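Hello,

The structure we talked about is below, with notes on what turned up in it. Please read them alongside the coordinates.

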Amino acid sequence: MPPYWSIASASFRQYSTYRMATAAGVFTNTIFGFIRASIMFAAITSAGGELSGYTIAQAATYVWLGQALLAPIEAFGTREVSQRVHQGDIAIDLLRPTPFLGLYYAQKLGRSSFLLLGRGVPPLAVGAIVTGLALPTDPRSYLLGTLSLLLAITLAFLADMLVNLAAFWLLETRGLTVVYTAVMNLLSGFLIPIVWFPDWLLAIARATPFPSMIQTPIDTLSGRIAPAEALGLVAVQVGWVAALALAAHLVLTAGVRSVEVQGG
Amino acid sequence: MAETPSRARRAPDPDPDRPVSTARMVATLYGSRLRSQASFRTSFLADVLGQVLIVGTEFLELWVILSQVSTLGGMTLPQVAVVYGLGALAFGIGDLFFGEIDGLSATIKSGTLETLLIRPVPMLLQISSLDLSLRRIGRIVVGLAMYVVALGIAGFDPTAATLVLAVIAPLAGAAIFGALFTLAGAMQFWLVDGREFANAFTYGGNYVATTPGAVFALPMRAFFTFVIPATLIAYAPTLALLELPGPALIPTGAGWLGAPAAVLAWILAALLWRAGIRRYTGAGG
Amino acid sequence: MNPTDVPIPSRAAQNATGPAVELTGLRRDFTVRARLSGARRRTRQLVRAVDEISLRIERGEAVGFVGANGAGKSTTIKMMTGILQPSDGTVRVLGRTPVPERRQLAREIGVVFGQRSQLWWDLPLRDSYRILGAMHRLTDREREGRLERLVDGLDLSDFLDRPVRQLSLGQRMRGEVAAALLHSPALVVLDEPTIGLDMVSKEGLRRFLREDRAERGTTLFLTTHDMGDVERLCERIVVVNTGTVAYDGPLESFRERLGAPRELIVDLAEPADALALPAAARSLAVEAGGIRHRIAFSGAELTVPSLLSAIGTQAEVRDLALTEPAIEDLVRQIYARGGLG
């Protein structure tokens with residue numbers, strides 16, 4: 001356990017030194033929050049004050065929590081691992097005493113903790129002041145919400161890792177990252193709540209792990225769904241984490257083997 | 001299309017002593033980028049498809065909302081599609097030529113800027129042609145198709161004047177985005193890690209431009225009209241093209257203000273850019 | 001923003017008289033924000049990178065500009081090429097003031113930054129020259145004629161159609177030099193042109209630079225860590241130390257003045273206790289029981305063949321090695337003496 005803790009805290013500290021970038025990120029996140037909130041408010045007003053279970057206050061909470069989650073989830077994907085695969089540096093990572101996925105997961109947790117505090121919370125605070133937030137009354141919502149958030153970050157890490165590991169077989173993964181980002185932004189319920197989707201799209205979304213990355217933690221944290229119902233969604237998250245962790249492990253093993261066979 | 005030695009070794013131009021015009025130099029700069037990108041065919045295709053997909057999901061957001069409510073910001077789905085298509089087309093063109101300028105801090109940090117400074121060609125032209133990224137054509141194609149089709153569905157009834165506007169609007173919008181990207185890049189001569197600040201104006205501008213302007217509360221609408229002229233890129237021209245009444249601050253006639261706004265934005269961008277270069281040569285890397 | 005306001009190449013300037021480079025009391029300060037150890041806040045510090053450098057280089061001269069890292073070499077080059085504005089003093093290059101006349105000057109000078117590429121990474125090497133030719137407004141005939149000479153002299157023909165990213169370091173560096181020389185500049189500035197190159201590539205590059213200079217009467221300004229570059233290419237050496245000129249003079253008297261000897265190591269077929277040596281040489285050590293002799297000699301007064309023939313009359317030489325005093329060592333000596341100008 002100690003190596004993981006030191007990796008995570010080193011990663012946290014490293015990101016905390018990028019002060020200018022953090023300030024810039026907060027500013028941009030806030031502006032985008034206002035744009036998104038404007039669109040949703042207009043839609044809800046147009047529907048007469050409530051749209052598929054969302055009131056103005058709930059929509060505001062949804063938008064600002066989404067903006068807060070954007071950075072720690074790293075919704076736009078990362079490219080580090082794929083680049084290390086292409087440059088062959090992955091061999092160094094695999095030789096370390098710490099298991100590969102554990103190493104990167106520890107880094108991700110450290111990084112995400114900073115991104116949540118540094119980039120996520122400030123826009124949320126601005127939103128709370130300007131548009132107001134609908135907060136849960138049941139304390140269990142906070143507890144479950146925190147758990148759900150951790151699971152969401154874990155899921156996003158695993159899915160992003162799978163995309164990166166495709167670099168073992170693909171010469172260029174940028175296209176794949178772009179596609180992944182686009183699909184994830186939509187189906188995760190980041191752009192608009194998935195319950196607003198037409199039935200067919202909702203069915204597709206529910207069959208993927210994406211809603212577990214954003215929609216579930218938002219719904220749980222905001223108290224829009226009751227703790228009892230949230231418990232079921234958190235269980236779904238746990239299921240996806242198990243499935244993707246297994247997949248990531250298998251893909252990594254296969255990738256390493258393919259490199260060994262080619263002698264690359 | 002793949003670059004082969006035989007193609008590169010083609011015969012020289014008919015008159016080998018012809019002085020090189022500015023136009024020919026510019027064509028050479030951009031032409032070289034196009035050929036280099038077409039040579040990576042598969043990844044190019046994946047990139048273009050990725051772009052199309054992004055545009056698709058962006059519009060899906062508006063489409064899903066409009067499947068729940070009849071109007072958004074006073075506009076029906078076809079009208080919103082005109083705004084979105086026009087905005088995407090304008091952003092696509094601006095992004096194609098100037099989209100990489102907002103990565104200027106990386107150019108500064110890597111020292112590449114110094115190698116550009118020792119060439120006898122304006123920096124903006126060099127950066128623009130150096131980073132011309134053809135995969136962005138995906139957004140342009142989808143945007144154009146949507147703009148044309150949606151205009152038809154939304155009942156566009158062209159007069160000579162509105163037809164001219166329909167052609168000018170995407171170009172003026174592209175020029176505004178180009179100026180925004182250049183401003184975003186020039187800013188980084190001062191704020192070296194400020195790329196994300198710039199995103200608020202460039203990508204944020206795109207978000208606003210592709211949305212009916214009436215959804216924004218008055219202070220935001222004012223900011224994105226008079227400071228960052230995003231609503232003048234697609235929303236205002238759509239009002240003018242479809243002869244729709246506009247909300248406060250953006251009357252129907254504002255649809256014609258895209259071109260003047262582009263000129264103003266470029267004057268500002270050019271001034272800031274020059275000041276940035278002067279700061280760079282003064283302060284050093 | 002208008003590219004046409006730049007006059008067509010450098011014909012006028014090439015006929016012009018006056019020095020190629022004239023630096024007068026050149027100074028350059030940087031403000032560095034640094035967190036001092038123990039201090040909580042970062043403080044601004046003024047760092048003087050270049051301090052009162054004065055230098056006059058005539059047209060056609062070849063000058064080696066050497067000094068340790070951080071001595072102010074790159075900063076001086078940046079001020080000469082218009083990338084940086086001096087804090088004080090004046091720069092004139094080919095009769096122009098670099099920063100305000102940067103683009104005009106760019107047509108008359110060729111610059112190689114050894115550490116960063118000016119070529120188009122994903123294009124065939126040949127395309128870089130086509131683009132640069134257009135940038136410098138060379139006609140097709142001018143470009144092709146010049147390129148032929150460069151391809152021939154730098155031996156580029158084997159990889160001219162290969163993308164730059166696939167070139168070896170040596171190939172790429174030859175390509176970089178060709179890119180800097182394509183527009184036949186009157187002044188060539190080379191910043192560490194042989195860094196990381198193998199001996200064969202280094203020699204090829206030096207040979208061509210010498211030839212091209214002899215053909216066109218180019219002025220050459222070179223920074224390097226490699227004494228071999230200076231010796232093969234330059235007649236004059238300028239040593240900078242902490243931003244000031246510590247030595248400026250002809251290369252042949254550089255070592256002599258310092259008294260820094262070259263060193264010859266000979267292994268003899270039969271052991272000998274001592275060798276009678278010419279006046280300009282002295283024995284440093286006799287090792288391996290009289291087989292190996294280390295001899296220091298002044299390169300200015302004695303050539304290697306004459307020294308060898310002097311030894312050859314006394315013993316049979318089985319093997320030999322010659323070591324040059326490293327530039328760093330000589331520069332360090334200059335630093336220790338506090339200048340030698």
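**The sheet in chain C**

C:Ser283 has C:Ile295, in strand 12 of chain C, opposite it. Strand 12 (residues 292–297) is paired with strand 11 of chain C through 6 bridges, in the antiparallel sense; pairing requires at least two DSSP bridges between two strands. Strands (E, at least two residues) and helices (H or I, at least four) are DSSP runs, numbered from the N terminus.

This is a predicted model: local features need pLDDT of at least 70, side-chain atom pairs count only at pLDDT 80 or more, and totals for chains, interfaces and linings use all residues. Residues are numbered from 1 along each chain as its sequence is written, and chains are lettered from A and ligands numbered from 1 in the order in which they are written.

The open sheet in chain C has 4 strands in the order 11-12-10-13, with antiparallel pairing. Strand 11 (281–287) and strand 13 (317–323) of chain C are at the edges with a single partner strand each, so one side of each has no neighbour in the sheet.

**Domains**

Chain C is split into domain 1 (3–254) and domain 2 (261–324), with bounds from an automatic or database domain assignment. The centres of these two domains of chain C, taken over C-alpha atoms, are 39 Å apart.

**Contacts of B:Val82**

Leaving out residues up to four places away in sequence, B:Val82 touches B:Tyr147, B:Ala150, B:Leu151, B:Ala154, B:Thr238 and B:Leu242. Contact means C-beta atoms, placed from the backbone, within 7 Å.

Regards

Note on methods: Two residues are in contact if their C-beta atoms, placed from the backbone, lie within 7 Å.
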